[in-house]
Amino acid sequence: KKAIYEKEEKIAIFFIKGDDELEETKALNSIDALELADISHQEILDAGLVAGFIGIKDIPKGVISVFDWTLQDGKSLVCGANKKDYHIMGVDIDNSQKFADLIKVKEGDKCLHCENSLYYTKGIEVGHIFQLGDVYSRTLDALFLDKNGKSTPFIMGTYGIGVSRLVASIIEQNHDEKGCIWTKETAPAFVDIIVSNAKKSQELDVGLLIYTELIQNGIEAIIDDRKKERFGFKMADFELIGFPYAIVIGKKLQDGLVELVDRKTLEKSEHKIEDITKIL
């Protein structure tokens, strides 16, 4: 790689085991460079190196070399000979070399602390922490007097939780093929009162009655009293939006009953009109 610094560029070689993969961020940090750039075949030749056969012997002056810490105390290894089509066998690593953590973590690697195997799992990023150091405080001349009376730039950091990410995270973890399944804490309304046929005054009156009772009892509710939409369309909207519960006012009204639907399980149960608010 080509290591780019503020006032110069240098060739950097990072030595890792053959079955490992270089983690460029770690490599960059190990040499305190501003950036790592790809290097051309000609630049490799100009530096006195042979692409594909670079080894630890006879590294040209001015070339930075860093070894992954797993190579420390390495014995009888094989590496390039800095000569086309040649390798060297039986190489021992000189521990006076510079060592650093350079490789990408792989599933199955052992933890340095507990020695258990590492594994991959899915996660959802809902916030950030940025360690800004003194980059901005120096630019903005944000200084304070330290205990020695010297003007010193503040060390800065920033953090935040993405509200829109939280919403997406909830849906990611709570949904099915029909749509969203909101948690009780995050639902736009706790219950959707579905009036099957809002043109029927009896159904609409009961729906409004239950809606009023729920609101008075501090339960967030919405009433679907659309007259032009069919019952199936209203149910599909309930499932898509994902209110935790729906109260369906329909054909059982003549028996004094309404239907309660649990969005998570889609289980249905019948209840007396006068009991439904207490149940919810």
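**The second largest pocket and its surroundings**

Modeller: By class, the lining of the second largest pocket has 6 nonpolar, 1 polar and 5 charged residues (Ala, Val, Leu, Ile, Met, Phe, Trp, Tyr, Cys and Pro count as nonpolar, Asp, Glu, Lys and Arg as charged, and the others, Gly among them, as polar). This is a predicted model, in which local features need pLDDT of at least 70 and side-chain atom pairs count only at pLDDT 80 or more, while totals for chains, interfaces and linings use all residues. Residues are numbered from 1 along each chain as its sequence is written, and side-chain values use heavy atoms, with hydrogens and water left out.

The residues that line the second largest pocket are K26, W69, T70, D101, I103, K104, V105, D109, K110, C111, L112 and L118. A pocket here is an open set of points on a 1 Å grid over the protein atoms alone, where a 1.4 Å probe fits, with protein on both sides within 12 Å along at least five of seven lines; lining residues have an atom within 4 Å of a point. The volume of the second largest pocket is about 260 Å³, counted as the space filled by probe spheres set on the points, which are joined across faces, edges and corners.

For reference, the largest pocket has a volume of about 550 Å³. Its lining holds 24 residues, and I13, F14, F15, I16 and I54 lie nearest its centre. Strand 2 (9–15) and strand 5 (77–80) are the elements that give two or more residues to this lining; strand 2 supplies the largest share, 5 residues. Helices (H or I, at least four residues) and strands (E, at least two) are DSSP runs, numbered from the N terminus. The lining of the largest pocket divides into 19 nonpolar, 2 polar and 3 charged residues.

S76 is in the loop between strand 4 (64–68) and strand 5, and D85 is in the loop between strand 5 and strand 6 (87–91). S76 is not a glycine, yet has a positive phi of about 50°; for D85, also not a glycine, phi is near 70°. S76 counts as exposed because its relative accessibility is 57%, and D85 is exposed at 56%; exposed means over 50% relative accessible area, buried under 20%, and partly exposed in between (1.4 Å probe, protein chains only).

Elsewhere, the largest nonpolar core has 19 residues, of which V191, I193, I210, L214, I247, I249 and V258 touch the most other members. Such a core is a set of buried Ala, Val, Leu, Ile, Met, Phe, Trp, Tyr and Cys residues joined through side-chain atoms within 4.5 Å. Another core, of 14 residues, lies apart from it and includes I11, I44, V91 and F99.

In helix 6 (residues 231–241), the buried residues are K234, M235, F238 and E239. They are on the same side of helix 6 because they cover an arc of only 135° around the axis, taken from the directions from the helix axis to the C-beta atoms. Strand 13 (179–180), strand 14 (191–195), strand 15 (221–224), strand 16 (245–249) and strand 17 (257–262) pack against these buried residues, contact meaning heavy atoms within 4.5 Å.
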